[in-house]
Amino acid sequence: MFRITAPLAHRVMRHLLACTGALSLLAMAQPAPDMTPKQVGPNTWYVQGQAALGSPANQNFISNAGFVVAPQGVVVIDGLGSPALARRLVQKIAEITPKPITHVIVTHYHADHIYGLQVFKELGAQIIAQQDAREYLNSDTAAQRLVASRTELAPWVDENTHLVPADRWLTDSTTLELAGESFVVERVGPSHTPEDLAIHVPAERVLFAGDLMFAGRLPFVGKADSGQWITSLDRLLRFDVAVVVPGHGAASTEPRKDMVVMRDYLTYLRTTMGKAAKDLVPFEEAYGSTNWSTFEPMPMFRFANRMNAYNTYLLMEEESLRGR
Ligand SMILES: [Zn+2]
């Protein structure tokens with residue numbers, strides 16, 4: 001007769017856990033990250049993601065989302081990093097207003113801002129974004145990113161998580177009347193991404209800056225056009241607002257100061273890496289001999305700075321080849 005001995009049962013259990021993803025089970029046992037909406041205008045709130053890399057423990061809650069309770073409905077800015085997070089945001093909104101969510105404006109199509117979009121779409125909200133996102137949406141990069149995220153962010157991003165294109169693609173800056181409220185939508189890309197949008201809500205004196213501004217932490221510059229990014233920050237500085245809600249980090253009540261930090265960081269990257277690229281100094285050497293002390297104390301420095309410097313080095317090489 002075959003009997004399952006204790007060690008065997010243990011082994012079987014371990015094997016099962018490995019198959020179903022022990023990490024996923026652990027992640028599900030963790031408390032959900034705090035998502036208390038913070039009010040930044042008479043009818044405007046946002047929820048703040050953690051200053052961390054996306055992980056099963058934080059459910060990919062590493063970016064912000066905002067919402068405006070307009071006369072006829074709720075307009076959401078960005079879709080968060082997983083469907084579970086989006087469902088929680090829907091709940092949080094329902095605790096504030098019984099009005100339906102009518103629109104979602106996407107500041108840009110980076111994974112941590114869009115994996116929750118399907119939840120809003122299912123609720124009947126119209127998704128609005130800038131049309132240059134279509135190239136990324138249809139790219140192998142986006143598909144591969146999603147495949148990788150299904151493993152790295154399991155069980156929060158899984159086989160049912162999919163990319164959601166906009167229902168309404170914008171070409172240029174425009175003012176939209178949504179749910180009875182005016183939204184000034186500024187095309188500020190290509191900066192952080194080709195499709196960057198910033199959303200100004202004049203009646204609320206709030207600006208949603210997307211990833212053009214990171215407050216209190218270093219940004220991921222990625223393949224950004226940092227020259228254009230600096231120009232766009234200058235444009236955003238012209239809006240008369242009381243609060244800026246960035247894509248990551250706390251809302252800023254000193255938008256000028258925070259945007260200037262962003263601009264200084266990008267400028268410093270361009271100056272130091274630009275000189276190294278021009279003098280044909282290899283990247284490693286240039287990186288090692290650059291003084292980073294101004295930015296070193298900022299959160300995300302150790303995750304982001306080296307990659308930011310490297311991407312800027314490549315960009316500056318390219319720009320000098322183009323004779324810019
Ligand atoms: Zn982001």
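Residues are numbered from 1 along each chain as its sequence is written. Because the model is predicted, local features need pLDDT of at least 70 and side-chain atom pairs count only at pLDDT 80 or more, while totals for chains, interfaces and linings use all residues.

**View 1. The buried face of helix H8.** Helix H8 spans residues 226-236; helices (H or I, at least four residues) and strands (E, at least two) are DSSP runs, numbered from the N terminus. Ser-226, Trp-229, Ser-232, Leu-233 and Leu-236 of H8 are buried. A residue is buried if 20 or more other C-beta atoms, placed from the backbone, lie within 10 Å of its own. Seen down the axis of H8, these buried residues fall within an arc of 105°, so they line one face of the helix; the arc is that of the directions from the helix axis to the C-beta atoms. Their cover includes strand E10 (197-201), strand E11 (206-214), H9 and H11.

**View 2. The packing of H8 on H9.** The axes of H8 and H9 are 10 Å apart, and the two helices pack at an angle of about 160°. Axes are lines fitted to C-alpha atoms, for helices over the stretch in contact, and angles run from 0 to 180 degrees between N-to-C directions. H8 is therefore roughly antiparallel to H9, a term for angles over 145 degrees. Ser-226, Trp-229, Ile-230, Leu-233 and Leu-236 of H8 make the contact with residues of H9 including Met-259, Met-262 and Leu-266; two residues are in contact if their C-beta atoms, placed from the backbone, lie within 7 Å. By class, this contact of H8 with H9 has eight nonpolar, two polar and two charged residues.

**View 3. The packing of H9 on H11.** Helix H9 (residues 255-278) and helix H11 (residues 301-321) pack at an angle of about 55°, and their axes lie 8 Å apart.

**View 4. The surroundings of Ala-304.** Ala-304 is found in helix H11. This residue is buried, with 20 other C-beta atoms within 10 Å. Leaving aside neighbours within four places in sequence, Ala-304 is in contact with Leu-218, Pro-219 and Phe-220. Ala-304 and Met-213 are 91 residues apart in sequence and 15 Å apart in space, C-alpha to C-alpha.

Terms used. Buried ≥ 20, exposed ≤ 12 C-beta atoms within 10 Å, placed from the backbone. Parallel < 35°, antiparallel > 145°, perpendicular 65-115°, else oblique. Nonpolar A, V, L, I, M, F, W, Y, C, P; charged D, E, K, R; others polar.
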